[in-house]
Amino acid sequence: MPTSFAICRDGEPVPESLKGAVAAIGNFDGVHRGHRHLLTLALNSGRPAAVVTFEPHPRTFFQPDKPLFRITPEPVKLAIFARLGLAGVFQRCFDGSLAALTAAGFVDLLAKDLELSGVVIGHDFHFGRGREGNPERMMELCRERGLDCIRAPAIVEGTEPVSSSAIRAALEAGDIATANRLLGYRWFVRSEVRHGDKRGRVLGYPTANMRLPDDGRLRHGIYAVRASVGGRLVDGVASFGRRPTFDNGAPLLEVHLFDFAGDLYGQTLDVEFIGWIRGEERFDGIEALIAQMDRDSVEARRMLAEDMTVSMIG
């Protein structure tokens, strides 16, 4: 990992560590296996490796009435970039001005404003006003401006390219195994631990309660998880949903950490998802709920013991 990780936003001068960088370009929601192939090509260029990415996600700009399930919200995405060993990120605000840039104007921004020496693009990369630019046009414009341009092939799972859409669909179905396979690491969320109703203590399962983004569409249910606490990964079981046995309230992530005692209130935790156990259910009594929670914990421990996936938080 580089000794420093620079974030260059709109209006900020290009840090010395990023001048002449080779940058992979894209939204990178999920930073999945396909995305990381682009990043590897930048990292192997022999020059500082960076990313050019956009906030908000362009789809949110063009379709503000359609909430987008972000696999990796901005803080999570930046944390993954830093962990992968990049020198830094150029984060551009996606607004009307950027959307109006011609293809040539966009490449001018890369060459002049960001002072790049080269770019890495995906096999189906489109850019510029009305998506007028394609990979062939990008390579032509880069040649004219003295930029290197590498076009990466698609990374395929079965017969389909690895994509953020496929990962969103897997998470919405509770299919953590597929989501993690396409990502190439354990999907994780980041949130602050909040005070709750303390009901978990009464049940014998104290929990760290966390709100997830409102645009999230993770399937409600019970999951095997790990959380990063004080620099170490702690196994656990989590419920995400509305608690139909009690209040059927707003969706909440409730994480019970095995063999852990400590005050986590106010701390921001990374919680990674290892496997799906079952859907959310309503129980007729506390005893039935506790008996099921006992079974869920046994199953979570089994899943965690067998897990061989890669962590981005540990």
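**Exercise 1. Decide whether Phe54 and Phe94 are buried or exposed, and classify the geometry of their rings.**

Solution. Both Phe54 and Phe94 are buried, where buried means under 20% relative accessible area, exposed over 50% and partly exposed in between, with a 1.4 Å probe and protein chains only. The model is predicted, so that local features need pLDDT of at least 70 and side-chain atom pairs count only at pLDDT 80 or more, while totals for chains, interfaces and linings use all residues. Residues are numbered from 1 along each chain as its sequence is written, and side-chain values use heavy atoms, with hydrogens and water left out.

Next, rings of Phe, Tyr and Trp (its six-membered ring) pair if their centres lie within 6.5 Å, and planes under 30 degrees apart count as stacked, over 60 as edge-to-face and the rest as tilted. By this rule there are 11 aromatic pairs. In one of them, the ring centres of Phe54 and Phe94 are 6.1 Å apart and the planes stand at 90 degrees, so the pair is edge-to-face.

**Exercise 2. Which residues form one aromatic cluster with Phe54 and Phe94?**

Solution. The cluster consists of Phe54, Phe61, Phe62, Phe94, Phe106, Phe125 and Phe127.
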